[in-house]
Amino acid sequence: MPSDQDDIVIRVLGVVTRFGTQTVHDGIDLAVRRGEVLGIVGGSGTGKSVLLRTIIGLQRPAAGSVEVLGHDVLRSNDAERRELDQHFGVLFQDGALFSSLTVAQNIEVPLREHCPMPEPLMDEIAATKVGLVGLPDDAGQKFPAQLSGGMRKRAGLARALALDPEILFLDEPTAGLDPIGAADFDKLIGDLKAGLGLTVVMATHDLDSLFAICDRVAVLVDKKIRVGTLAEHLRDPHPWIHAYFHGPRGRAAQASEQLPPPADPAPVAHVGHSVSS
Amino acid sequence: MPPSANFVAAADPGALVLRVEGDWLLATAAELDRRLRALDLPSGRQVTLDLAAIERLDTAGAWLLKRTDAALAARGNVVAVANVRASLAPLLDQVWTHRAGTPLPHPVPAHHTLVGFVARIGEVTLRLLRRAYSILGFGGLVVVTFVELLRHPRRLRLPALVAQMEQVGVDAMPIVGLLSFLIGVVFAYQGADQLRRFGAEIYTVNLLGIAILRELGVLLTAIIIAGRSGSAFTAQIGTMQVNEEIDALRTLGLDPIEVLVVPRVLGLALTLPLLAVYADFMGLLGGCLMSWASLGILIPTFLEQLQSAVGQWTFWVGIIKAPFFAVVISLVGCYEGFNVARSADSVGRLTTQSVVESIFIVIVADAAFSILFSMLRI
């Protein structure tokens, strides 16, 4: 894993967040490396989503600084902000698709805004993204209300990927999905990360996701953050972290990851006829 | 480096090489798309897509490569892709494994045809009738529950009733009072302006008394309350519906009509007449002050003239309508609340609808009362 200082894409320093008199974060430091999948976990109300929103710039912290791709998120002007917005994509909890637009039109919203191009090309790119996130072809024509929860998440992901971002933020990506759908979604994130070279930051509760795709995990506990690999967290004596990873669900998720993978039913068809190097 | 795609000569005569260069990115996609479309594609040849000079690639670029590949293949060329760097392979894999089809068209909203227009009118009419029937049914349900409560008066939720009366009545007093007062002022001013031409300024008082007591006081109050409390009923019950609170009530053995609807209907039916009396008073007060200010009619003169202008029934004709309006507003408000589906946007839609519907029905009912009263010669 690359660990050189240059390849840090997100740097959070000393972030303090307060709501009224209640302090949610008290001095959070976090560095995300290019190309990794970082999971943010924590109990309910520890501010996982709040931290995510702070990094994206939707929430102003009381103190501290947030730097994304070398830009200071908190002190950037509108033009810098617009430029930065093109380099990351966000998947909100239930997709946050615009309900009056079809899936394809949703994907075209950021394209239309940031990259003027002919209509047919835009439709083609939208269709490519629809395929990329594993939705059937006709999903592009549908309105969000006609999709299931899992499909809405995929559609939201397609919109987040519309501008080919470098960083992808996911807020509870597998919440509300059935276990099969959740596992598929994890695999999709892993595939896209490998294919598109994404850096992924996800807030999650799903231990299976953590074990399946996360390179490192940030645990929000006691208003602070502890970042490390899963192996490091598994050794952590902190009572909450211990309970989290060694509870019945944590053990089950670990066990399933350590089982030998079932025999591949059929080799996945490779790129087809023409790509050869 | 600017992107490009050019055919260059190949070593093997008869074979062609399409050399692609530069940044194949979303930002350059429009330019690339133009160039690729302008390319004169051969047919029935051996074509190699040479990717050696590609600098950067993203999904948009990968799609364009794939589209070009498919277009060449469709013309009977034998296409091979050469010099794919290892760093680009995963991305190409990802995009190329998915279908190359043309995107499906965006759906076009229906009803652009004449038949579609007529069909829409029919649909809307049927929906309206169904809705009216359904509201009537809901009203029946409330009446049945109410009668049941009359037989067991202890089950009437007094605290809920009083809380509703405070919310819809007492809390509405500032706005109802202010608006009625202002309407009184405006009416007196306009009336005085017209009647002065005939030297009949004093009849401004008659105009004011009849208009406010018979119509304006109660109608204005009903419209304000429809906007203020009817919408609140829909939003409150609708939000409970979204949160499954209504279902929770049912599973706990409570009747949502009894718990939620009866206090609201009864509360509004009791307070709207009182609010209407208050609105009458404030309207007349505004008119009185304006008559004094612009016509110099002193307050005792105003009251004397008012007494002679206003008959025994004038006041009651207005007030008697208030409970009916109250029932309409609260029934429609609650009914739309129960109609909310389990999504947040339907709360907003139905709240709007409830206000529009209740104001509509209130005005229609007011017109019906006018006809009734004229037949009764009141």
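Two strands are taken as paired where DSSP finds at least two bridges between them, strands being DSSP runs of E of at least two residues and helices runs of H or I of at least four, both numbered from the N terminus. By this criterion, β6(A) and β7(A) pair in the parallel sense, over four bridges. The structure is a predicted model, in which local features need pLDDT of at least 70 and side-chain atom pairs count only at pLDDT 80 or more, whereas totals for chains, interfaces and linings use all residues. Residues are numbered from 1 along each chain as its sequence is written, while chains are lettered from A and ligands numbered from 1 in the order in which they are written.

The pair β6(A) and β7(A) belongs to an open sheet of six strands in chain A, with mixed pairing and the order β6-β7-β8-β3-β9-β10. Because β6 (88–91) and β10 (224–228) of chain A stand at the edges with a single partner strand each, one side of each is left without a neighbour in the sheet. On average, neighbouring strands of this sheet are turned by 15° against each other, direction ignored; axes here are lines fitted to C-alpha atoms, for helices over the stretch in contact, and angles between N-to-C directions run from 0 to 180 degrees.

Within the sheet, G89(A) stands opposite L168(A) in β7(A). On to the next strand, β7(A) and β8(A) run parallel and are joined by five bridges, with D171(A) opposite A203(A) in β8(A). Helix α6 (residues 179–196) of chain A takes part with β7(A) and β8(A) in a right-handed β-α-β unit, where right-handed denotes a clockwise path from the first strand over the helix to the second, with the strands pointing away from the viewer. Strand β8 (residues 199–203) of chain A is also joined by four bridges to β3 (residues 37–42) of chain A, and these two run parallel; V37(A) stands opposite V200(A) in β8(A).

Helix α5 (residues 149–160) of chain A lies across β6 and β7 of chain A, at about 165° to β6(A). Helix α1 (residues 48–56) of chain A lies across β3, β6, β7, β8 and β9 of chain A and runs at about 135° to β3(A).

Chain B is divided into domain 1 (4–96) and domain 2 (154–375), the bounds coming from an automatic or database domain assignment. The centres of these two domains of chain B, taken over C-alpha atoms, are separated by 72 Å. In chain B, β2 (residues 15–24) and β3 (residues 46–57) run parallel and are joined by nine bridges, and L57(B) in β3(B) is the bridge partner of W24(B). Together with α1(B), these strands make a right-handed β-α-β unit.

Between the chains, 32 residues of chain B are in contact with 34 residues of chain A, contact meaning C-beta atoms, placed from the backbone, within 7 Å. On the side of chain B that touches chain A, α1 (26–38), α2 (59–74), β4 (78–82) and α3 (89–96) of chain B each supply at least two residues, and α3(B) gives the most, with eight residues.

Terms used
Contact = placed C-beta atoms within 7 Å.
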